[in-house]
Amino acid sequence: MIVVMRPDATKQEVQHVVKLIRDLELTEHIIEGSDLTVVAVIGDDRKKDGSVLEQAPGVDRVMKVLAPYKMAAKETREGKKTLVDIGGGCVFGGKHVPVIAGPCSVEDEDKIMVAARAVKAAGAHALRGGAFKPRTNPYAFQGHGENGLKMLAAARAETGLPIVTEVLTPSEVDMVSEYADCLQIGTRNSQNYKLLEACGKQPKPVLFKRGMAMTIDEWLQASEYILAAGNPNVILCERGIRTFEDHTRNTLSLSVVPELQFRTHLPIVIDPSHGTGHARLVPAMAKAAIAAGCDGLAIEMHQDPQHALTDGAQSITPEVLTELMGSLQRVAQAVDKDCSPGLACAAQAGAR
Ligand code: PEP
Ligand code: MN
């Protein structure tokens, strides 16, 4: 259930609504929009008596949210998108569609710097790179940990690109949060609810990838762990799911884009690299994702994919990324979006 306050409702009236909610042994989450405040009511549905709240001063209306994801549901923000700003002018959820690009892993100081310069020169808007890698095989390269984070921070210092990097365990959340501009939760951890809560309690935005065997419904409910823990800045990232089809590494379900735009106010990013597993398929799927209305892309790029420590097969080169950025802008314009290269351009185009 959500309580929509009138645009002229006072702080005292909002607090009175909060008290009524607590009297019903329920909890509240206050969402302050630019025009009005909405109070989400969380807890046992049987205790939710809308009539008590409807009478309270300053209340415009009380609405039932049928979806089990109350905070992620579109109605909760009255149909308005959430804008997630990860810094450096990179905002997800508006008219501008930012592109996050970079290697799968942070390999060494020089390589991440070369990659960062290439990402910037191509006109992409944020740098990705894993310092903590979730590997299927325990003997495979696990990432450089905190040293990798320091390398990313150095790349940001030189290029100004905000950095997106994965966190694997609740105990490492504070450390990763100190360095990163946006924390990635990977597909394997999408049901690690303690990790989701921990990411909800730190201040940086979260790029939350879909579990490879998760339905959209489960994904949105899982996002609620981050939102309910106090972090409103969640970006959903589709990276493909497991199916019987084996011509791609995963099956990239692009129909989630319009479906999620219908169900949630959270921005939606598409990762065509993990979604396909093949560099040659990435440009077409990136363009298709923008045509479908996504709010951003996450793309693996490596200057020497054949020698990449991880995910080389699906990493495009800087040259391909540069060319792709031009095509993405043309596709974006066709669907009334903007994917102009470079953050300065993005800011001029108006993030929203
Ligand atoms: C990654 O982004 O490199 C990664 C491990 O992603 P996913 O969790 O989607 O497999
Ligand atoms: Mn990868």
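Predicted model: local features only at pLDDT ≥ 70, side-chain atom pairs only at ≥ 80, totals over all residues.
Started with the manganese ion (ligand 2): I read its donors along the chain as C-x169-H-x25-E-x10-D. By donor I mean an N, O or S atom within 2.8 Å of the metal (3.2 Å for Na, K and Ca); water is not among the atoms, so sites may look incomplete. I looked up the atoms: Cys104 (SG), His274 (NE2), Glu300 (OE) and Asp311 (OD), lying 2.1 to 2.4 Å from the ion.

I then placed one pair: Glu300 sits in strand β14 (residues 296-300), and Asp311, eleven residues apart from it, in the loop between β14 and α11 (318-334). Strands here are DSSP runs of E, at least two residues, and helices runs of H or I, at least four, numbered from the N terminus.

Side-chain values use heavy atoms, without hydrogens and water, residues are numbered from 1 along each chain as its sequence is written, and chains are lettered from A and ligands numbered from 1 in written order.

Buried or exposed, I asked of Glu300? Glu300 counts as buried because its relative accessibility is 1%, while Asp311 is partly exposed at 21%. Cut-offs: buried is under 20% relative accessible area, exposed over 50%, partly exposed in between (1.4 Å probe, protein chains only).

Zoomed out to the whole chain. I find twelve helices and 14 strands, and 56% of the 352 residues are buried. The C-alpha atoms fill a box of roughly 65 × 45 × 45 Å along the principal axes.
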